[in-house]
Amino acid sequence: MKKKVLLIDDERAFTEMLRLNLEAIGLYDVEVENNAVNAISTALNFRPDLILMDIIMTNRRGTDLAAQFKKSLEFRQIPIVFLTATVSGHDPVLGENEFMGHPVIPKPTDLNVLLAVLDENLSTTC
Amino acid sequence: MDKNSQALKVLIVEDSQIDRRILESMLSESAKTLKLLKSVDTLAGAMKLLGEHDFDVVILDLNLPDSEGEDTLVRLSSKYPDVAIVINTGAYEDEVGLHTLGAGAQDFLMKGKYTAYVLNKAIHYALERKRLEQELTSAYERLKEAQGRLVQMEKMRVVGALASGVAHEVKNPLATILYGITYLRDQAQTSDEKVQMVLVNIKEAIDKANNIVNDLLDFSATPKVDRRREDLNRIIEKTLSLINHEFEKKHIVVLKRLDQAVPMVEIDKNRVEQVLLNLTLNAVQAVADGGRIEVKTHWHTLSDDLSEVPHLPRDKFALGQTVVVCDVEDNGPGIPPAQLKEIFDPFFTTKQDSGGTGLGLSISKSIMESHHGDIFIENKQGGGTRARLVFPLASSLI
């Protein structure tokens, strides 16, 4: 069965490109939400196996959203992976590519690396 | 030290024998405050004596067999700027005397118009003025340095403020382009070499732009240093092995002179590795094919004048402190003196063509500062460049 990945990011062009790539692989069902405010309701409808989420978004911080997901009964077990354009990949503040206990993927990152992180986090829970 | 209360060393430069005798006898009246008194009748002779003895004051006649007028004063004071000068002018040369005060003299006397008392007073006034002048000069120098540091900090602050905004606006489109071409590459499945080449070039361009923005981010990040006790020599060995291929590519001879007795230092291994990598890659770029790079470690306990390691700022290092030093030296062409001042400026680069961002050394400097250490870059005597890292020992970090 395909894994369901919810992509929350306000960069429309970016989400389109990533969705195309993930769908082309044939292993993932991808839902995109460009408006962070709607993220919870989209997640409730879609029931993702993993959430891939930007940190700096216009309406809401990804970090706040992640905290909210982790507090809810429905999503507390769902792995969250951050995607962000504001780190270099060896950012000392974020430590070893982890933030609030969630993996961080800097933008841009090669698709293969992103897929490896997705698979690793999908396998731990499902 | 207060020169007014100690015995003085006085040099009389006077070609008229009579005037010289008058001066000598007047000065000997206050003999108890004289430590050394010499007389000479030419400027050349005066210069020679000033090189041999540490005179406090020169009583100078402007018109000598080998030099005339104000020129005499200028030549003497520019070569020996630390000595106080009292001009001894001919009678009725008030104008000349006054003028000399603006040209480096501390006082003037008119021949035949002074007593031993006045001479003595003039000498002491001159000494005091010279002392104040030197204090003022040094205060001005310190002020200029402080201003330079402020300007530098302001530059860093501006860059820091810009960095994360720029990163967000640039890295997002880069990510979009990257996944765009990834998709095209996978879908097109073309064996057309030209199409492949286009995709490779786009990918390289993305990487290059991304590296530059990453440098900018690293530069602006307040480095949260994670300090542990580390063996600097081992970190150096590891760094050198990381870029061994760069040495081999240019047939560079790498000499390691690591003092195995250097004490452990409390440092952030990753950050210091980043600095070492930076310095070593700079050296690789500097040397010609077959060039030489020497990496040394040594350590010192600083004495009062900090002379063991030149250029150490007094506000950071002190007597009795132990420092561990790492030098990365190359036998390249060195750095033009005009550029030496700017090399730590953010965005100063001589490597635009090879993708340098001009942030490597700025980042290195801020990393060393976060370790309470320092970094210096200088041209070696006999050619080549020396980059020096100085780490204070943990016990003195408080």
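## A buried histidine in chain B

His298(B) is buried, because its relative accessible area is 18% and buried means under 20% relative accessible area, exposed over 50%, and partly exposed in between (1.4 Å probe, protein chains only). This residue is found in strand 9 (residues 292–301) of chain B; helices (H or I, at least four residues) and strands (E, at least two) are DSSP runs, numbered from the N terminus. The structure is a predicted model, in which local features need pLDDT of at least 70 and side-chain atom pairs count only at pLDDT 80 or more, while totals for chains, interfaces and linings use all residues. Residues are numbered from 1 along each chain as its sequence is written, chains are lettered from A and ligands numbered from 1 in the order in which they are written, and side-chain values use heavy atoms, with hydrogens and water left out.

The side chain of His298(B) is joined to that of His300(B) by a polar contact of 2.8 Å. A polar contact is a pair of N or O atoms within 3.5 Å; within protein, one must be able to donate a hydrogen and the other to accept it, and residues adjacent in sequence count only if both atoms are side-chain atoms. When neighbours within four places in sequence are left aside, His298(B) is in contact (heavy atoms within 4.5 Å) with Asp259(B), Val262(B), Val323(B), Val324(B), Val325(B), Asp327(B) and Arg388(B).

## Chain B as a whole

Chain B contains eleven helices and twelve strands. Of its 398 residues, 43% count as buried. Among the contacts in chain B with a separation of 6 or more, 69% are between residues 24 or more positions apart.

## Where the two chains meet

Chain A contributes 22 residues to the contact, and chain B contributes 26 residues. The area buried between them is about 2100 Å², of which carbon and sulfur atoms give 61%; buried area is the accessible area (1.4 Å probe) that two parts lose on being put together, summed over both.

Eight residue pairs are in polar contact between chain A and chain B, both residues being at pLDDT 80 or more. On the side of chain A that touches chain B, the elements giving two or more residues are helix 1 (12–25) and helix 4 (111–125) of chain A. Helix 1 gives the most, with seven residues. By class, this side of chain A has 14 nonpolar, five polar and three charged residues. In this classification, Ala, Val, Leu, Ile, Met, Phe, Trp, Tyr, Cys and Pro count as nonpolar, Asp, Glu, Lys and Arg as charged, and the others, Gly among them, as polar.

## Aromatic pairs

A pair of aromatic rings is described by the distance of the centres and the angle of the planes. Rings of Phe, Tyr and Trp (its six-membered ring) pair if their centres lie within 6.5 Å; planes under 30 degrees apart count as stacked, over 60 as edge-to-face and the rest as tilted. Over all chains, the count is two aromatic pairs. Phe14(A) and Tyr179(B) form a tilted pair, with 5.6 Å from centre to centre and 35° between the planes. This pair crosses between chains, from helix 1 of chain A to helix 5 (residues 116–188) of chain B. Phe14(A) counts as buried because its relative accessibility is 0%, and Tyr179(B) counts as buried because its value is 1%.

Phe69(A) and Phe75(A) form an edge-to-face pair, at 5.2 Å centre to centre and 85° between the planes. Both Phe69(A) and Phe75(A) are buried.

## Salt bridges

Side chains of opposite charge can pair when their charged atoms come close. A salt bridge is a side-chain nitrogen of Lys or Arg within 4 Å of a carboxyl oxygen of Asp or Glu. The structure holds 27 salt bridges over all chains. The count between chain A and chain B is one, and Asp110(A) and Lys203(B) meet in a salt bridge at 3.3 Å, N to O.

Within helix 1 of chain A, Glu23(A) and Arg19(A) lie four residues apart, about one turn of the helix, and form a salt bridge whose closest N and O atoms are 3.7 Å apart. Glu23(A) is partly exposed, at 37% relative accessible area, and Arg19(A) is partly exposed at 22%. In helix 5 of chain B, Glu128(B) and Arg131(B) are three residues apart, and the closest N and O atoms of their salt bridge are 2.6 Å apart. Lys296(B), Glu329(B), Glu378(B), Lys380(B) and Arg386(B) are linked in a network of salt bridges.
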